[in-house]
Amino acid sequence: MSGDWLNIVALLSLLLAFSAWLSHTTRFSIIPFLMLLGMVFGPHGVVLGPVDLRIMETHPLIDLMSRFGILLLMFYLGLEFSLRSLVRSGKRLLQGGSIYIGLNLLRGILLGVLLFGTVNETLIIIGITTFSSSAIVAKLLVDNQRLVRPETDLILGVMMLEDVVVAIYLTIISGILLSGSTQLSIVLFTLGKTLFIIGLFLFIGWKSRLWIEHWLKEKSDEFTILFVIALLLSVAFLANLVGMAEAIGALMLGLILAEISEKQKIKEWITPMRDLFGAIFFFSFGLTIDFRTFDQALLPAVIAVLFTVVGNILAGIIAGRAVHYSWRQASYIGFSIMARGEFAIIVTSLALTAHLNPMLQPFAALYVLLLVMISPWLIKYSKPLYNRMIQPVVNHTPFQPDTH
């Protein structure tokens, strides 16, 4: 189906609406339904005899709208926080985030050795299993009204810190897999450049916030939303230009605009667009998954999911407790940052370019899909899960547990 863009958008709208109906009927997150329908009706979809359900294809228009969806999700997440409070808690967030990511890196190494036993494949498994999906985590936090909880500050810090680590990680594995070597100077340069860009962006944004507030003051709703969208896309362009993830650029812009008086008006206008284009992103992600290759990767993917769920919860608890969150709050960190997504697919494409084990592609797709289905359930029922599984263990430790 290529040609008439209106037909593509109309069919896409029907499938999105059907996903929303399934979500409402089952009272479950819309994300798994969007991805599953993308798989069923996409280019790798279901064929039942004469019935061919492959009615949707990947399309530049869908790709563009899905990228816009990620930007809106991360921008909205930034609006819910304050740059002032983030800077004030910077040392604690850096410490907790470093512990969390470090523990997940160790788990990725263990999984790579266990499942493949080779250095190059282990490097890829680290990327697939360590780094969370910012878009999915942001969507789940919004849907489950977790943005006001105190531990969400650390979750936000983890996502920003992951962007720095991802830049270093990609530099290392690209050097090893594609050229056979990597230089410490390049790694250090990448780290310095990423930190400098983030710091410079936040500094310029902080200094510009009063000008932006004055510019938007007493302007029409139409002007406000058009100005903010133009600013968001400009920031995304600049982030891409300097080699930083555009989603993190959107997040930082949200943190800056959260300091101005027009914040509430911006949130009200952004919310419906966030839901629409965010849904397109998750559906588009489903279009890329070929479920016919899952059988060969089922056992490794299930093992990796079990390791990830247990390891992620433990990493969240250890990191959270290290920076003085309560046991309950620390456990919620692990429950909330469970989903993996778009970055796993990017890393897998690098593995294909390097002609590594062909099972990595179906492994990554199935691993991501299983976690996308589990993550909404874990965050939705994190309170009873904590009460039944973690609190009894805490109560039998020599430490006095926090009760709030």
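This is a tour of a predicted model, one selection at a time.

Residues are numbered from 1 along each chain as its sequence is written. Because the model is predicted, local features need pLDDT of at least 70 and side-chain atom pairs count only at pLDDT 80 or more, while totals for chains, interfaces and linings use all residues; side-chain values use heavy atoms, with hydrogens and water left out.

**Stop 1: the whole chain**

Show the chain as a cartoon. Its secondary structure comes to 17 helices and 2 strands; helices (H or I, at least four residues) and strands (E, at least two) are DSSP runs, numbered from the N terminus. The C-alpha trace spans about 65 × 60 × 50 Å along its principal axes. A compact globule of 404 residues would have a radius of gyration near 22 Å, and the chain agrees with 21 Å (taken over C-alpha atoms; the rule is 2.2 Å times the number of residues to the power 0.38).

The chain exposes about 18,300 Å², 68% of it supplied by carbon and sulfur atoms (Shrake-Rupley method, 1.4 Å probe). Of the 404 residues, 54% are buried, where buried means under 20% relative accessible area (1.4 Å probe, protein chains only). Among contacts (heavy atoms within 4.5 Å) between residues at least 6 apart in sequence, 80% join residues at least 24 apart.

**Stop 2: helix α14**

Select residues 327–336, which form helix α14. All 10 of the 10 residues are buried, so the helix is largely enclosed by the rest of the structure. Among them are Trp327, Arg328, Tyr332 and Phe335.

**Stop 3: asparagine 312**

Select asparagine 312, which sits in helix α13 (residues 298–322). Its relative accessibility is 0%, so asparagine 312 counts as buried. Leaving aside residues up to four places away in sequence, asparagine 312 touches Tyr100, Asn104, Arg107, Phe307, Gly334, Ile337, Met338 and Arg340. One of these, Gly334, is also a buried residue of α14.

**Stop 4: the largest pocket**

A pocket is found on a 1 Å grid over the protein atoms alone: it is an open set of points with protein on both sides within 12 Å along at least five of seven lines, and lining residues have an atom within 4 Å of a point. Grid points are joined across faces, edges and corners, and a volume is the space filled by probe spheres set on the points.

The largest pocket has a volume of about 1,200 Å³. Of its 42 lining residues, select the closest to the centre: Ile70, Glu342, Phe343, Ile345 and Ile346. Elements that give two or more residues to this lining include α3 (60–79), α12 (263–287) and α15 (342–353). The lining divides into 20 nonpolar, 15 polar and 7 charged residues (Ala, Val, Leu, Ile, Met, Phe, Trp, Tyr, Cys and Pro count as nonpolar, Asp, Glu, Lys and Arg as charged, and the others, Gly among them, as polar).

**Stop 5: the second largest pocket**

This pocket has a volume of about 490 Å³. Of its 17 lining residues, Leu94, Met160, Leu161, Leu195 and Ile198 are the closest to the centre. Helix α8 gives the largest share of the lining, 6 residues. The lining has 14 nonpolar, 3 polar and no charged residues.

**Stop 6: the cavity**

A cavity is a set of grid points where a 1.4 Å probe fits but cannot get out. The structure holds 1 cavity of 30 Å³ or more. To find the largest cavity, select Phe81, Ser82, Ser85, Leu86, Ser89, Leu93 and Asp153, which line it. About 30 Å³ of space lies inside, and the lining divides into 3 nonpolar, 3 polar and 1 charged.

How values were computed:
Buried means under 20% relative accessible area, exposed over 50%, partly exposed in between (1.4 Å probe, protein chains only).
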